[in-house]
Amino acid sequence: RFLRLLRLLTLFPSFAELTSILSACGKLWRLMGWVLVIMFALTWTQGIFFSVIIGSSDRWMLIRPDTHVPFHFFRNKEYFGGVSKSCFTLFQFITVDGWADAVVRPMTDKYPETMLQFICFTMLGRYGVLNLLLASVVSQSIESVWATKRALAEAQASRYARIKDQLWDFFQRADLDGSGSIDLQELQRALGQRSC
């Protein structure tokens, strides 16, 4: 149905930009699939790392929640208790959704060496892979717009060539004396005939 709608929109020149964007999105499905695979692999491997290092750590057992200093109480089992919980927490890192106060600051207090791991993961996930996806979307959109403009220009050139041929045929039929020019009587006669 999507392709039918896209074909229908190509009939209207006022929807050329929308058609270009939809065409670019259609071409990007494969790329988006690979980006999701890369993001999943990156998040899964880091989730395993953080669930082993932080989720099963004993450094958090001696901290009481009622007497904690800000940024010192951290429920490591909630955020990194298993691979799936670690992956969800890392997904929050990529989207930068409440990650600094809730996770990173308490963790770097107990594990300062993990700061480099967080920075690398955030840079790769957020700025690397997601910007690659955005750049690909923009590139495909630009290519699709240029392709649409070329197709419209070719259609217009074809139309002009057809009109030119029709006019040439009209003038050839109207020039009865073969002089290469049409006088008023030849024009009136040609306009009155159905064959021209």
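Is Ile48 buried, exposed or partly exposed, and what is the relative accessibility behind that class? In this predicted model, Ile48 belongs to helix α3 and counts as partly exposed because its relative accessibility is 37%, a value that falls between the limits of 20% and 50%. Ile48 also takes part in a nonpolar surface patch, together with Phe40, Trp44, Phe49, Val52 and Ile53, and the accessible area of these residues together is about 540 Å².

Phe49, another member of this patch, is likewise classed as partly exposed, its relative accessible area being 33%. The next residue, Phe50, counts as buried, with a relative accessibility of 0%. A pair of aromatic rings is described by the distance of the centres and the angle of the planes. The number of aromatic pairs found in the model is six. For Phe49 and Phe50 the ring centres are separated by 5.2 Å and the planes are set at 75°, so this pair is assigned as edge-to-face, the angle being over the 60 degrees that this class requires. For Phe50 and Phe80, the centres lie 5.6 Å apart while the planes meet at 40°, and the pair is therefore tilted. Since Phe50 is located in helix α3 (residues 29-55) and Phe80 in helix α4 (residues 76-80), this second pair ties together parts of the chain that are 30 residues apart in sequence. Both Phe50 and Phe80 are buried.

Val104, placed in helix α6 (residues 100-110), counts as buried at a relative accessibility of 6%. Although Val104 and Phe93 are eleven residues apart along the chain, their C-alpha atoms are separated by 9.3 Å. Thr114, in helix α7, is also buried, with a relative accessibility of 4%, and, with neighbours within four places again excluded, Thr114 is in contact with Phe50, Ile54, Met107 and Thr108. In helix α3, Thr43 has a relative accessible area of 9% and is therefore buried; beyond its neighbours within four places in sequence, Thr43 is in contact with Cys87, Leu90, Ile94 and Phe121.

One salt bridge is present in the structure, and it is formed by Arg173 and Asp169, whose closest N and O atoms are 3.3 Å apart. Both residues lie in helix α7 (residues 114-174), where a spacing of four residues corresponds to about one turn of the helix. Arg173 is partly exposed, with a relative accessible area of 42%, and Asp169, at 35% relative accessibility, is placed in the class of partly exposed residues as well. At the other site, Lys149 is positioned over the face of Trp146, at a distance of 5.3 Å from the ring centre.

Terms used: Residues numbered from 1 in each chain as written. Predicted model: local features only at pLDDT ≥ 70, side-chain atom pairs only at ≥ 80, totals over all residues. Heavy atoms only, no water. Phe/Tyr/Trp six-rings, centres within 6.5 Å; stacked < 30°, edge-to-face > 60°. Buried < 20%, exposed > 50% of the residue type's maximum accessible area, 1.4 Å probe, protein only. Helix = DSSP H or I, 4+ residues; strand = E, 2+ residues; numbered from the N terminus. Lys NZ or Arg CZ within 6 Å of the ring centre and 35° of its normal. Patch = residues over 30% accessible without salt bridge, like charges linked within 9 Å, V, L, I, M, F, W, Y side chains within 5 Å. Areas by Shrake-Rupley, 256 points an atom, 1.4 Å probe, with all protein chains shown as cover. Salt bridge = Lys/Arg side-chain N within 4 Å of Asp/Glu carboxyl O. Contact = heavy atoms within 4.5 Å.
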